[in-house]
Amino acid sequence: MKLGKIFVFYGPSAAGKSKIQKALTTEAFPRIITSTTRAQRVGEADRVDYIFMTADLFQEHLRNGDFVEWTLYHGEHYGTLKAEISKMHASDKQAHIILDLAGVVSLKQLFTNTVAIYIGADIDSIKRRLVERESSSEEVDWRLNKAITEELTATYTQHADLIFWNNDDMAFNETVRRVQEAIGIKGTFETHAE
Ligand SMILES: Nc1ncnc2c1ncn2[C@@H]1O[C@H](COP(=O)(O)OP(=O)(O)OP(=O)(O)O)[C@@H](O)[C@H]1O
Ligand SMILES: Nc1nc2c(ncn2[C@@H]2O[C@H](COP(=O)(O)O)[C@@H](O)[C@H]2O)c(=O)[nH]1
C-alpha cells in the first residue's frame, strides 16, 4: 500500500480553513471528508463538505471502531472514518483534511507523514465572519471564546509545521498561493469570490 502525505488544516473557527481548502482541492490533491452530527449550514452539501450523520449513526460507527479519530466540539461529534483514509492510502496521492487540534495530534501519532498547517486570522476577522455565518449568537460567542482562549494561543500553534494568516485585510489569492507554494502543489487553482 502506497502512502502519500496528509496535510491537516487546523485553527480557529472562521479562520478560512474551508475556503483555502476548496481553492487547493483538485483530483490530484483531494480532500479527506470527515463526518459530523452538526446541522448542515446553508450552502453545504452532504459528502462534499462533510458526511452528515445522526447522533445514533455516529455512535454506531464509534462502537464498531470505524473512526481513526473523533472529537466533540460545541456539543456535536466530528470524526474521521477509517474508510475515508483508506481511499487516499489506496493511491500514492497526497491529500488534505480539516481537523481540530485533537485530530492533528492523533493523526501525527498514527501517520508519520502528517503535515500540520495552522490557519489563523485576527479576532476582528473571525468575529465579522462568525456573525455573518452563524444563526445563533450563543454559537458566535462560544466559537469566539474558544478562539481566544485556545485556538489563537501557543497551545494550538505549537503543533504547526506551517503557519498562515488569513485576515480580512489580506489578499486571499496571495495567501492561497503561499500555501500552495509551501506544500509544493503544482498546477492551477480556482479562487472563490465572496
Ligand atoms: N480572506 C477572507 N476574506 C473574507 N472572507 C473570508 C476570508 N477567508 C474566509 N472568509 C469567509 O469566512 C467564513 C468562514 O470561512 P471558512 O468556512 O473557510 O472558515 P473555517 O476556518 O473553515 O471555519 P470553521 O472551522 O468554523 O468551519 C466564510 O464565509 C468565508 O467565505
Ligand atoms: N478531530 C476532528 N475535528 C474535526 C473533524 N471534522 C471537523 N473538525 C473540526 O471541528 C471544528 C468545528 O467544525 P465546524 O465545521 O462545525 O466549524 C473545527 O475545528 C474543525 O476543524 C474531525 O473529523 N475530527
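Mentor: A polar contact is a pair of N or O atoms within 3.5 Å; within protein, one must be able to donate a hydrogen and the other to accept it, and residues adjacent in sequence count only if both atoms are side-chain atoms. This is a predicted model, in which local features need pLDDT of at least 70, side-chain atom pairs count only at pLDDT 80 or more, and totals for chains, interfaces and linings use all residues. Residues are numbered from 1 along each chain as written, chains are lettered from A and ligands numbered from 1 in written order, and side-chain values use heavy atoms, without hydrogens and water.

Trainee: What makes the pair between K19 and ligand 1 a polar contact?

Mentor: A polar backbone atom of K19 lies 2.8 Å from an oxygen atom of ligand 1, so the pair meets the cut-off of 3.5 Å. For A15, a backbone N or O atom is 3.2 Å from a ligand oxygen atom. The side chain of R128 has an N or O atom 3.4 Å from a nitrogen atom of ligand 1.

Trainee: Why are K17, I20, Q21, A23 and L24 of α1 called buried?

Mentor: Buried means under 20% relative accessible area (1.4 Å probe, protein chains only), and these five residues of α1, a DSSP run of H or I with at least four residues, therefore fall under that limit.

Trainee: How do you know on which side of α1 they lie?

Mentor: Their arc, taken from the directions from the helix axis to the C-beta atoms, is only 160 degrees, which puts them on the same side of α1.

Methods
Buried means under 20% relative accessible area, exposed over 50%, partly exposed in between (1.4 Å probe, protein chains only). Helices (H or I, at least four residues) and strands (E, at least two) are DSSP runs, numbered from the N terminus.
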